[in-house]
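Subject: Structure handover and notes

Dear colleague,

I am passing on the structure we spoke about, and I would be glad if you could look it over alongside the notes below.

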Amino acid sequence: ALVDDHLRKLHLGYGYSCHVCLLRPYSRGEVFLKSPNPMDSPGINPRFLSDDRDLTTLIKGAKITQKILEAPPINHYNKKEIFGVTSGINDSQWEQHIRSRADTIYHPVGTCKMGNDELAVVDNKLKIKGLKNIRVADASIMPKITSGNTNAPTIMIAEKCSSLIIEEYS
């Protein structure tokens, strides 16, 4: 399928899509309060590519992907590149292309880190430090992202939380 903008943009015809994914980015975003009003939505700044190591890795991955797509037997299916990427582009052009198209794959973690250090928000029982009886049981407690989809680990966190609650009140 010709996948573009998470299927929000449709392209007629047949084709294929390839994506380069940075599983362990160095760049760190932030979630913050925009006002003291609890009804206001939080501010979110993903700070994509704020660490140059991420861009270097993505350019390298994009070049490898380009070579794969130009190699037989795939290359004879290659009809049209919808974003203008060709094998002759330089690193500066790769950077411009990546910066214009980079986005999330919907697996943010770490905004409510679990641990014992000063940056940790929740303890090992998933309780928010400094508050009573409030727990967090989602991917935000993961100090670092997993090397795969966050769905199963998040389910495990929720199961552990339910066990902790049952244990505490039984």
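The notes that follow cover the salt bridges, the nonpolar cores and the surroundings of one lysine.

Please keep in mind throughout that this is a predicted model.

Salt bridges

A search of the whole structure finds eight salt bridges, and several of them are described here. Side chains of opposite charge can pair when their charged atoms come close. Lys 63 pairs with Asp 91, with 2.5 Å between the closest N and O atoms; since Lys 63 belongs to helix H1 (residues 52-70) and Asp 91 to helix H2, this pair ties together parts that are 28 residues apart in sequence. Both partners are partly exposed, Lys 63 having a relative accessible area of 33% and Asp 91 one of 40%.

Within helix H2 itself, Arg 99 and Glu 95 lie four residues apart, about one turn of the helix, and they form a salt bridge whose closest N and O atoms are 2.9 Å apart. Arg 99 is partly exposed at 41% relative accessible area, and Glu 95 also counts as partly exposed, at 29%. Elsewhere, salt bridges that share partners join Lys 127, Arg 135 and Glu 168 into one network.

Arg 8 forms a salt bridge with Asp 5, the closest N and O atoms being 3.1 Å apart. Here Arg 8 is exposed, with a relative accessible area of 56%, whereas Asp 5 is partly exposed, at 28%.

In soluble globular proteins, nonpolar side chains tend to be buried together. The largest nonpolar core in this model has 12 residues, among them Val 109, Cys 112, Val 122, Ala 139, Ile 141 and Leu 164. A second, separate core has nine residues, including Leu 58, Ile 59, Val 85 and Trp 94. Returning to the largest core, its member Ala 139 touches Pro 108, Val 109, Gly 110 and Thr 154, when residues up to four places away in sequence are not counted.

Lys 113

Lys 113 is located in the loop between helix H2 (91-101) and helix H3 (151-169), where its side chain makes a polar contact of 2.6 Å with the side chain of Asp 117. Leaving aside residues up to four places away in sequence, Lys 113 touches Leu 119, Ala 120, Val 121, Val 122, Ser 140, Ile 141 and Pro 143; of these, Val 122 and Ile 141 belong to the largest nonpolar core.

With best regards

Conventions
Residues are numbered from 1 along each chain as its sequence is written. This is a predicted model: local features need pLDDT of at least 70, side-chain atom pairs count only at pLDDT 80 or more; totals for chains, interfaces and linings use all residues. Side-chain values use heavy atoms; hydrogens and water are left out. Helices (H or I, at least four residues) and strands (E, at least two) are DSSP runs, numbered from the N terminus. A polar contact is a pair of N or O atoms within 3.5 Å; within protein, one must be able to donate a hydrogen and the other to accept it, and residues adjacent in sequence count only if both atoms are side-chain atoms. Contact means heavy atoms within 4.5 Å. A nonpolar core is a set of buried Ala, Val, Leu, Ile, Met, Phe, Trp, Tyr and Cys residues joined through side-chain atoms within 4.5 Å. Buried means under 20% relative accessible area, exposed over 50%, partly exposed in between (1.4 Å probe, protein chains only). A salt bridge is a side-chain nitrogen of Lys or Arg within 4 Å of a carboxyl oxygen of Asp or Glu.
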